Amino acid sequence: EELIMSSWLPPKHPIVVNAFEPWAKEVEKVTGGRVTVKIMGKPLGSPPAHFDMARDGIADITYGLHSFTEDDRFKRARLGQFSFLGDDAVANSKAYWTIYGGKLDAASEHKGTHLLGLFMHGPGLLHNNKRKIEKPDDMAGLKLRVPGGYVGDLVSSLKATPLFMSSPEVYEKLSRGVIDGVAFTYEAMTAFNLVDYIKYSMTVPGGIYNTTWFFVINEGKWNSLSEKDRAAIDAISGEAFAERVGQAWNNADVVAKEKVGDKVLFYKAGPEVVAALREAAAGLEKTWADSLGNDYDGAAALAEFRQMTGVGSE
Amino acid sequence: MTISLIAFAILLVLVFARIPIAFAMALVGGVGFALLRGWGPAGAMVGNAVFETGLNYSLSVVPLFIFMGNVLAGSGIAQGLFSAADRVFGRMRGGLAMATVLSCGGFSAVCGSSLATAATMSKVTMPSMRRFGYADSLATGAIAAGGTLGILIPPSVVLIIFGLLTEADIGKLFLAGIIPGVVGIVGHLLAVMVAVRLNPEQAPPVREVHPMTRRDAISVAAVLALFAFIMTGIYGGLFTPIEAAGMGAAAALVIAFATGGLTRAALWRAFLDSATASAMIFAIIIGAEIFSNFVTFAGLPGSLSAMVENLGLSPWAVLLAIVLIYIVLGCFLESLSMILLTVPVFYPLVSELDFGLAILQDPDAVLIWFAIIVVVVTEISLITPPIGMNVFVLRSVLPDVPLRTIFRGVYVFWMADIVRLALIIGLPVLSLYLVT
Amino acid sequence: MSRSGPMAGDPPPDMIPGRSQHRQAGWYRLLAGIAALLIMMLIGVTCVDVIGRYLLNRPFGGAYELTQMLLAALVFMALPLTSADGGHVEVDLALHLFPRGFQRLLGRLAGLVSAVVLVYFAWRLIEIGLDQLRGGTRSASLALPMAPLAFLAAASCAVSALVMVLRREEP
Ligand code: NA
Ligand code: NA
């Protein structure tokens, strides 16, 4: 049985090369060659369409970001998109798989598919080319590209202006001074050629934001595989995949940090700035937890997440 | 591979049976996908392709760059450009055809689309060439070929799409297109001379040339001003290449009102023409997306790149093989579909090649050079039978000229383009001079 | 507009790649008016964003999304117009080999096939719209609901299909 996987990241992207491709090879190995995975050279739809593509069977296997579109279906997935969650992509991804995949019942938010993985990348930073942010007021007036609604609300509570655009557009806008900065990972600095246009990168303990990813297979296709093969694939997916992809993100961050060298000033946010961010974040976390209703305890899930990644005690 | 070839054959039959290309591609792509994958997935794929194409931010340049050109055309500026160019070549045999080529080049500098350039310039230049007894073949050939310059001379929709597919710097791509674009104009001018030398009765002998009018001068100045506005805006960091379309359209309106050539009726027409031309282009992009999803599924991109890789060729031979594949695909595929289908496949392949030239040491330089090569091959495909989009557009603007006649007139320009392609491949400096 | 030179007396430029003149029917003029408005809004959004960020240091955060949605609206508003104009790109390379009646028959058949494709588009777009209605899909920064756009697109394809079937070949 050949499973078709649609991939929208550039073919040379570290998590394609170091996570998805090795996983695909391993599928063939653990099923004794009965199941193979073919990764298409060109995506079969736009990135935001990738969840529906697996659900509708356009491709068998897809991955993507929960935050591509704003809607109600991945509400609980936002667990992993908050600030101060963890600095290690492996720990983040494992915690995310365990908690969102466990008590927050990720499966029911991914109806029509079977979950192969849920994961996150390394800590998100705040890059800019205007000034070192030393006190909360320094954020005021900065035009910052943010990946989604949460980070947007967070930075606007500190009087910065959040702007939304696709990732490739960030280069065009940053290099022209249309935006002053961007919330991105280490890896994205080099992946999108931003190094020459960034001067200051602020780290926050546990990251200022994170993105959450799904990795899914069409449910009908999954059920058509033999029980034995399903068990074999499950064994290398889920938590094992969280480990694999987390490692790939970590390595990509290390490579990027080396490449950037001292061209950018990396610095830790001061206590005043962190306190201001925490205060804003707490409000947003509460709004989210309340929106989950009585069936799911978002606050407890966040606390458990931070416990697991080791940032909870701070 | 076999499935893809059969699909291409069926597509050709449908297209020759007068089914609009957009819907023929959608039909073959959708049914093909369904046969491989089932109707449910095929239907979902088709729906996504239609919906997501409309929402594609970077494609916002299509209506806006076309509107920019239409406003200028509506205010008589395209005509002024042609009159001015006619002053340069008026006394030569074939002068009107040469003026057509030059004014197409000029118009390209303020229009982002090849199809729109060909459509506009045919209305402006064709009546004069007819009145002075030019053969339809030479006249339409010059327009169809001149129109292709639109995607190399910035601003360019195709270069923007290439940039977004490969994460290349669009500003640099625009700069890189300028010299090869000028080489293209020169090549087409020479092609007119050769054609007229070979077959003098295609163009009547020398005629009187009118003096330059104030209006013509204003037109040339307007085009230069708008081009300068767009380029300084992009390179001065005021706006992105995508925003340049909206800003350029606004500037075109200002210029048109300032020079006083734009009547209310002409403005209404510019809106209407831009809207309908955009819907036509989007329909094609949607069809191309559906068709390319199907051939991707049928394994065409994979087998093409495997084919090139397995030949075990030297880097230069690999590049030539890719160019050859492009020329063959260019016979059958519409330009945007060709770029959307092939660039994600070939670009990673090319980026790993070492061409042994100092100027190509930087991977970014290779990418930009490759972009220009791809665009030139795409330009060629626009006038290569049987599916040559510029020729079709011309055909629909000039319903009384048979397609055969246009293709007959186009071949000298086609050959000039092949020579230019060889130059651009052999001399990467042509593409990279302005960038580095 | 009077001028000298080789262009004197030429008809005004008609840029549309299409076989027939634009229509005068009420529905056509209405859709065309909306399309014109949408083009102006697309230009306006960019101008407000660009000028706002330099003069007032106030960029327009929703510019990206609004551009996307206006673009989709424009394309789908204009699709029936293009279809009515016969503005879709067709090939008639081998057509002259056949008698006139057969050519006309082919034209009708092609219109029918196009209409089938467009109806299929419309159906799938309704499915997408219903899906988005159920999922509450909205845009990321402005939180505009996406479903109306899908229904607009579906209506556009349906009207275009109708137009393709009813379109008469000029003699
Ligand atoms: Na151009
Ligand atoms: Na062609």
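Colleague: Are B:Phe67 and B:Phe271 buried or exposed?

Modeller: This is a predicted model, where local features need pLDDT of at least 70, side-chain atom pairs count only at pLDDT 80 or more, and totals for chains, interfaces and linings use all residues. Residues are numbered from 1 along each chain as its sequence is written, chains are lettered from A and ligands numbered from 1 in the order in which they are written, and side-chain values use heavy atoms, leaving out hydrogens and water. Buried means under 20% relative accessible area, exposed over 50%, partly exposed in between (1.4 Å probe, protein chains only). By that rule B:Phe67 and B:Phe271 are both buried.

Colleague: How many aromatic pairs are there over all chains?

Modeller: Rings of Phe, Tyr and Trp (its six-membered ring) pair if their centres lie within 6.5 Å; planes under 30 degrees apart count as stacked, over 60 as edge-to-face and the rest as tilted. Over all chains, the count is 33.

Colleague: How are the rings of A:Trp8 and A:Trp213 arranged as a pair?

Modeller: Their centres are 5.9 Å apart, with 5° between the planes. The pair is stacked.

Colleague: Why does that pair tie together parts of chain A that are apart in sequence?

Modeller: Helices (H or I, at least four residues) and strands (E, at least two) are DSSP runs, numbered from the N terminus. A:Trp8 lies in the loop between strand 1 (2-6) and helix 1 (14-30), while A:Trp213 lies in strand 10 (residues 212-218), so the parts they join are 205 residues apart in sequence.

Colleague: What is the relative accessibility of A:Trp8, and what is the relative accessible area of A:Trp213?

Modeller: Both residues count as buried. A:Trp8 has 18%, and A:Trp213 has 4%.

Colleague: Which residues form a cluster through ring pairs?

Modeller: The cluster includes A:Trp8 and A:Trp213. Ring pairs also link in A:Phe20, A:Trp23, A:Tyr63, A:Phe119, A:Phe215, A:Phe241 and A:Trp249.

Colleague: Which ring does the charged end of A:Arg278 sit over?

Modeller: A charge sits over a ring if NZ of Lys or CZ of Arg is within 6 Å of the ring centre and within 35 degrees of the ring normal. For A:Arg278 the distance to the centre is 4.3 Å, and the ring is that of A:Phe84.

Colleague: How many helices and strands are in chain C?

Modeller: From the N terminus on, the elements run α-α-α-α. Buried residues make up 55% of its 171 residues. Chain C has 4 helices and 0 strands.
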